[in-house]
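Here's a quick briefing to read with the structure open beside you.

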Amino acid sequence: MDYHDANRLAWDASEPYHREAVFERVLHELKTPGLSCLDEYALAVFEKLKVEGKSVAQLCCNNGRETMSLIKLGASRGVGFDISETFIQQGRELVEKSGISCELRACDVANIGLEFQEQFDIVYVSVGAVGWFQDLTPFFGKVAELLKPGGQLFVYEQHPFQEMLDLKASVEAPRLTCDYFKSDPYRDTGGLDYYSGKFYDSPPAYWFVHTFATILQTIIDQGMTITQVEEFEHDISNNWPELAAAELKIPLCFQLVAKKL
Ligand SMILES: C[S@@+](CC[C@H](N)C(=O)[O-])C[C@H]1O[C@@H](n2cnc3c(N)ncnc32)[C@H](O)[C@@H]1O
């Protein structure tokens, strides 16, 4: 099973739905001085990382809205990589219409070329990225390859705990329905339009759950030192707005910073 190829087809198919739901809003955020596509939690970390004048790569950048936001914050170079040709095309349209200079590459993370080796001060990985990879070793290996010595990885991702929850769970009594240590992927044919939440017939997408320990240990094994890690109760996936507001608090996302030795 070629999961990457299957996921590429599913992401390509979702592009018109995402475009309809958010293209204009994203363009507005990119064009308006002082606005950004990064939330306050991501901005706080980038402030500490001092993004100004730094070269930044984003893996699984989708339409590159966050990579472009980093250029707005003063990054000297921003390169976004994504397997979906249609989203990279959408991103290039955003680049053209916003006037923000940013390189977008249609490329599987696994195939990012050696010309990018040790080119970046910061590699950014954000919401909805790590689960597309069955094995995180080559994924974080690629991060380590892209970083300059002393460069930093910033991960801002959905918390693996939320993968255990039944999507139709009630806010009062969220039900745990999935194995935290699940090794086979979720298969989803309901579509990937996480902005409007619309369901449609989609080519199948395959998503792997990685435990929190697996994520941390794989980063450590790739020669990076974790310098900051924090779990949060707010929702960055658009899947759990009600749970995020519920009284019973569940870890819905996390941030992690690691430094390449
Ligand atoms: C949920 S989106 C990321 C959204 C992004 N963090 C944002 O907030 O704009 C996940 C992206 O991962 C990309 N992707 C999935 N598998 C990939 C792979 N093997 N290599 C590169 N990109 C991949 C998809 O095409 C999709 O655009």
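Two residues are in contact if their C-beta atoms, placed from the backbone, lie within 7 Å. Keep in mind that this is a predicted model. With that contact rule, and leaving out residues up to four places away in sequence, Ala57 touches Val79, Phe81, Phe120, Val123 and Leu146.

**The core**

- The largest nonpolar core has 62 residues.
- Ala57 is among the members of that core that touch the most others, along with Val56, Leu59, Val123, Val125, Leu153 and Phe154.

**The strands**

- Strand E1 (55–59) runs parallel to E2, and five bridges join the two.
- On the E2 side, Leu59 stands opposite Phe81.
- E1 is also joined to E4, again in parallel, by four bridges.
- Ala57 has Val123 as its bridge partner in E4, and Val123 is also on the list of residues that Ala57 touches.
- E4 then pairs with E5, in the parallel sense, over six bridges, and there Ser126 stands opposite Tyr156 of E5.
- How much of strand E4 (residues 120–126) is buried? Seven of its seven residues are.
- E2 is mostly covered too, with five of its six residues buried.

**Around the ligand**

- The ligand is surrounded by 19 residues, and the closest are Trp11, Cys60, Ile83, Gly128 and Trp132.
- Which elements each supply at least two residues of the shell? They are helix H1 (3–31), helix H3 (65–72) and strand E2 (77–82).
- H1 gives the largest share of the shell, with three residues.
- Sorted by class, the shell comes out as nine nonpolar, six polar and four charged residues.

**Helix H6**

- Helix H6 spans residues 212–221, and Ile215, Thr218 and Ile219 are buried in it.
- These three cover an arc of only 100° around the axis, so they sit on the same side of H6.
- Just after H6 comes Gly223, with a positive phi of about 85°.

**Two asparagines with positive phi**

- Asn62 isn't a glycine, yet it has a positive phi of about 60°.
- Look for Asn62 in the loop between E1 and H3.
- Is Asn62 buried or exposed? Asn62 counts as buried, because it has 24 C-beta neighbours inside 10 Å and the cut-off for buried is 20 or more.
- Asn238 isn't a glycine either, and its phi is positive at about 70°.
- Asn238 belongs to the loop between E8 and helix H7 (241–245).
- For Asn238 the count is 13 other C-beta atoms within 10 Å, so this residue is partly exposed.

How values were computed
Residues are numbered from 1 along each chain as its sequence is written. This is a predicted model: local features need pLDDT of at least 70, side-chain atom pairs count only at pLDDT 80 or more; totals for chains, interfaces and linings use all residues. A residue is near a molecule or strand if its C-beta atom, placed from the backbone, lies within 6 Å of it. Ala, Val, Leu, Ile, Met, Phe, Trp, Tyr, Cys and Pro count as nonpolar, Asp, Glu, Lys and Arg as charged, and the others, Gly among them, as polar. A nonpolar core is a set of buried Ala, Val, Leu, Ile, Met, Phe, Trp, Tyr and Cys residues joined through C-beta atoms within 7 Å. A residue is buried if 20 or more other C-beta atoms lie within 10 Å of its own, exposed if 12 or fewer, and partly exposed in between; C-beta atoms are placed from the backbone. The arc is that of the directions from the helix axis to the C-beta atoms. Two strands pair if DSSP finds at least two bridges between them.
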